[in-house]
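Reader: I am new to this structure and would like to learn how to read its features one at a time. Could you take me through them slowly?

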4 protein chains.
Amino acid sequence: MRISTRDDGLTRRMPAHFRQWPPSGGGVSPYDDCTTLEVSYLTDEETLRQYVPEEFSITRPLVMVMYEKCSGVRWMGGSQYSLVTVSVPVQYMAGKQPIDGIYHLVIWEDKCEPILGGREEAGMPKIFADIPEYRRNGDSLSVNASHEGRTFFEMELVLGPAFSGDALAGINADNGRVVQFGWRYIPRVGPYPGPALSEATYYPVDNTFSSAYACSGTVTWTVPARRQHPTQCDIIAALAALPVNDYLSGSFRKGTSTMRMDLARSLP
Amino acid sequence: MRISTRDDGLTRRMPAHFRQWPPSGGGVSPYDDCTTLEVSYLTDEETLRQYVPEEFSITRPLVMVMYEKCSGVRWMGGSQYSLVTVSVPVQYMAGKQPIDGIYHLVIWEDKCEPILGGREEAGMPKIFADIPEYRRNGDSLSVNASHEGRTFFEMELVLGPAFSGDALAGINADNGRVVQFGWRYIPRVGPYPGPALSEATYYPVDNTFSSAYACSGTVTWTVPARRQHPTQCDIIAALAALPVNDYLSGSFRKGTSTMRMDLARSLP
Amino acid sequence: MRISTRDDGLTRRMPAHFRQWPPSGGGVSPYDDCTTLEVSYLTDEETLRQYVPEEFSITRPLVMVMYEKCSGVRWMGGSQYSLVTVSVPVQYMAGKQPIDGIYHLVIWEDKCEPILGGREEAGMPKIFADIPEYRRNGDSLSVNASHEGRTFFEMELVLGPAFSGDALAGINADNGRVVQFGWRYIPRVGPYPGPALSEATYYPVDNTFSSAYACSGTVTWTVPARRQHPTQCDIIAALAALPVNDYLSGSFRKGTSTMRMDLARSLP
Amino acid sequence: MRISTRDDGLTRRMPAHFRQWPPSGGGVSPYDDCTTLEVSYLTDEETLRQYVPEEFSITRPLVMVMYEKCSGVRWMGGSQYSLVTVSVPVQYMAGKQPIDGIYHLVIWEDKCEPILGGREEAGMPKIFADIPEYRRNGDSLSVNASHEGRTFFEMELVLGPAFSGDALAGINADNGRVVQFGWRYIPRVGPYPGPALSEATYYPVDNTFSSAYACSGTVTWTVPARRQHPTQCDIIAALAALPVNDYLSGSFRKGTSTMRMDLARSLP
């Protein structure tokens, strides 16, 4: 059995001796039933700047927080998972043509499999959390994330008016595309510092929303003690330390998404 | 913020803009309370050969199946996780000095965090499964693994006599070291086939067993339909197709383990 | 503190020293967002008869199997749970006026709280199972239930045509009411046989379906060994032993439900 | 099929048409491998008095908090569950002979099945919580409980010296028996206030500890908002409002337990 470092034309995933296939030319991955809750807040740009690689310029000092429940995920046999993303609007200077998108500071997901794919195949900064399904009680929407029984994230939204037809058409324009940026970093094996692989990544996702409502709401971060959550406490502490200068209007949306791995690439 | 491809002397993990530290020279990671249940069976070497990279020679056509409950995991703040490994005894020819160890065909774990570290930092072929804690009912020991409510692995053991003092000392000799081999494979981003990184890896683990009992038992694989478990059905099918020619004696052991990332490295 | 056996006018639940309130006259409990998948099969009436108390006559020897995902459950703060019911159409002779409804053979639910309420307050035969959210992959719908990693129930449906407006109005007529019957049985404390309480119960639920599709499909029971699932293996074995003589058309529906505890009562 | 209210000599559980057996004369239920972490604090007796039925006198105004991981549970096929109990030392005046024991204010458990049995068969005030396995990190022991991702209970202990042989023999004397008292309360069906069944209960458990260490530590209650946890917020609020006047020494113990349902009974 050969797991060649030369390009033998196969696509592989670990365990690479079991998982290999001819490239389909594809990578277009439909998610048939998605619900998002999101809200954003303006923060201090200098503090935020520390966490965004210098290859990206911050287009607005905004912390965008989104919860999403993804169902009907085709590549998972129609199964589902949930996620919480924290992102910043940025611009990447690629040659002469700048690209606008969002740089993900962190993505929590509640299933391991999309985390593995996202990190290894696209440099998405995914890590694990328990994310109970969002609750709706009348006009109140509520979400949280926790680690081994300890809450670290809460989002509370109040439902406002439905988007107008024009507003809905607006967020669906241009395939409802969101350009995601990440940074793929694979370390050297063993006690040696430094990367085996380190690069900016580009990974678009298209969306078609069938309904959308404005929301207002808040986000609460609870920083765990290091002994409670050694591997993520610094991440949560960094997010909690970003000042909330002003909340913008959020939203509650339903629709479909399409992952565009066929368009993904490493950035020069 | 700079996530350099040059070696700036820091150790990083994704999200690399949040997680970075000076190398400690360490990587010695204690697991204070471990329980293993294992059994092996002889199989057909030619079939097995398909799944072991040609850099390794198979020293015995043996499928080694081990369940482990790891508690008191220091790097997780004293938390715990469970795993099921399927491995083959192999020899790697590194320069003039061959190295004996086990090549992991697959490692299922029930928490995401050790999966991420094992894959990205050491090429361990870890994937996710639900692994309920082992059951003990008198002399019967029982373990299973499942995916979204569908059982795919079962191990049933009957407890036999305790190891003699000499036998226990034997498995603890030379730090009870087990040399683990894996294959780290990181694909190119996007629809392009082939690896961005592909290499054999070496990652030892030391063990001190405080008690051990002989066991006899069996392993049952249930292959899921592709639609039920698209990403792992081929792995389980490959394992289920390895003939069980003869079961060897297994064991039930308790003790401590020490991960030796300080000794881990990519193999030439 | 007094937990009186005399009627002091308060409604209580265990722990009764903490949970007590004046009766609201209510018990009307809305479930804002429900999805059901169901299919039925004709079976042998004599075999079925063994499991239906003699106070009820079987109106058709039908095993009705339904999965339901309940979201927006108001009494749970807008949270959700899932269930699988196995029921038989029956008639209860109450005085001169017979009541038609369904007798639940068993109800599996994946959260403990509705199980407690259903059993203690209404004699619903609820027990626990892990019930992953239903999967939809194109026209295929799939559900399973498991216990500690061992699958015991699977339902596979293929989506057919949407209900006509008339057909939808039909299932919504008369408040879409389903009369549920159960048998509340509380044993004596200690090693003594026999009940402290034993009675038939009546508990209606109203439904408003916003969409419905015909389905065809099948149910598969896998009987666990006694040692694997001591408390439910007999239940699953009894269900698995009911012959499947003919499958009837099933359905996939979405809508709202209202529990009518305000109408519930013990039957004479 | 007959689920008689007359005593036909069978023992039944809901679903009573499926679950029935001749009384074994038994009810002695071994738990082969148990670990407890416990700590107590003195509180205000008048506040505490509100929650203890007047049939019991409080022997010391003590809030006893115990976490237990139970493994090798025979009646569950060798499986395991975890629990957190909050109890008060009391005396019950039964005829001329007073009985000393503990009155459980609440018992959280992380599996549904022992909750059902405990409530219905013995009046134990059991309710559900997620209870991750205790963590041990050197001399630090840590436990929490949560509901749908929201922490409400935390216990932190520091390990002290091992019990002397005499001290260990002391806690094992008289079968290490703990007499548990509860209050079994089953409401009337429907909107009517008042009980169908309401009585004090007696349920002993025997223990044999193989090791024990003194501990010091603390308990933290976090009261959820009503909308977050409607059914338990009042319970947690009542516990949180009991003042912590003085912590007593706690313990960390390992051993076996035997449930003595053969001795359980309703109290007159």
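Reader: Over which ring does the charged end of B:Arg265 sit?

Author: The general idea is that a charge sits over a ring if NZ of Lys or CZ of Arg is within 6 Å of the ring centre and within 35 degrees of the ring normal. In this structure the ring is that of B:Tyr202, and the charged end of B:Arg265 is 4.4 Å from its centre. In chain A, A:Arg265 lies over the face of A:Tyr202, at 4.4 Å from the ring centre. Before going on, please note that this is a predicted model, in which local features need pLDDT of at least 70, side-chain atom pairs count only at pLDDT 80 or more, and totals for chains, interfaces and linings use all residues. Residues are numbered from 1 along each chain as its sequence is written, chains are lettered from A and ligands numbered from 1 in the order in which they are written, and side-chain values use heavy atoms, with hydrogens and water left out.

Reader: How many aromatic pairs are there over all chains?

Author: Rings of Phe, Tyr and Trp (its six-membered ring) pair if their centres lie within 6.5 Å, and planes under 30 degrees apart count as stacked, over 60 as edge-to-face and the rest as tilted. Counted by this rule, there are 56 aromatic pairs over all chains. One of them joins B:Phe56 and B:Phe181, whose ring centres are 5.1 Å apart and whose planes stand at 55°, so the pair is tilted. This pair links distant parts of the chain, since B:Phe56 belongs to strand E4 (residues 56–58) of chain B and B:Phe181 to strand E12 (residues 178–187) of chain B, 125 residues apart. Helices (H or I, at least four residues) and strands (E, at least two) are here DSSP runs, numbered from the N terminus.

Reader: Are B:Phe56 and B:Phe181 buried or exposed?

Author: Buried means under 20% relative accessible area, exposed over 50%, and partly exposed in between (1.4 Å probe, protein chains only). B:Phe56 counts as buried at 1% relative accessibility, and B:Phe181 counts as buried at 0%. A further pair is made by B:Trp108 and B:Trp221, with ring centres 6.0 Å apart and planes at 40°, so this pair is tilted. It too links distant parts of the chain, with B:Trp108 in strand E7 (residues 97–109) of chain B and B:Trp221 in strand E13 (residues 195–221) of chain B, 113 residues apart. Both B:Trp108 and B:Trp221 are buried. In chain A, ring pairs link A:Phe56, A:Tyr92, A:Tyr103, A:Phe181 and A:Tyr202 into a cluster.

Reader: What stands out in the backbone at A:Pro15 and at B:Asp174?

Author: The peptide bond from A:Met14 to A:Pro15 is cis, with omega near -5°, and A:Pro15 lies in the loop between strand E1 (11–13) and strand E2 (19–21) of chain A. B:Asp174 has a positive phi of about 55° although it is not a glycine; its place is in the loop between helix H3 (165–172) and E12 of chain B, and it is exposed, with a relative accessible area of 69%. In chain C, C:Asn175 is likewise a residue other than glycine with a positive phi, near 60°, and it is partly exposed, with a relative accessible area of 47%.

Reader: In which sense do strands E10 and E11 of chain D pair?

Author: Two strands pair if DSSP finds at least two bridges between them. Strand E10 (residues 140–147) and strand E11 (residues 150–162) of chain D pair in the antiparallel sense over eight bridges, and D:Ser146 has D:Thr151 in E11(D) as its bridge partner. The two strands form a hairpin with two residues between them, and D:Glu148 in the turn has a positive phi of about 45°. E11(D) also pairs with strand E13 (residues 195–221) of chain D, in the antiparallel sense over eight bridges, where D:Glu154 stands opposite D:Thr220.

Reader: How many residues of chain A are in contact with chain D, and what area do the two chains bury between them?

Author: The size of an interface is often given as the accessible area lost when the parts come together. Contact means heavy atoms within 4.5 Å, and buried area is the accessible area (1.4 Å probe) that two parts lose on being put together, summed over both. Here 16 residues of chain A are in contact with 16 residues of chain D, and the two chains bury about 1,300 Å² between them, 21% of it on carbon and sulfur atoms. In chain A, A:Arg135, A:Arg150 and A:Arg227 lose the most area to chain D, together 40% of what that side buries.
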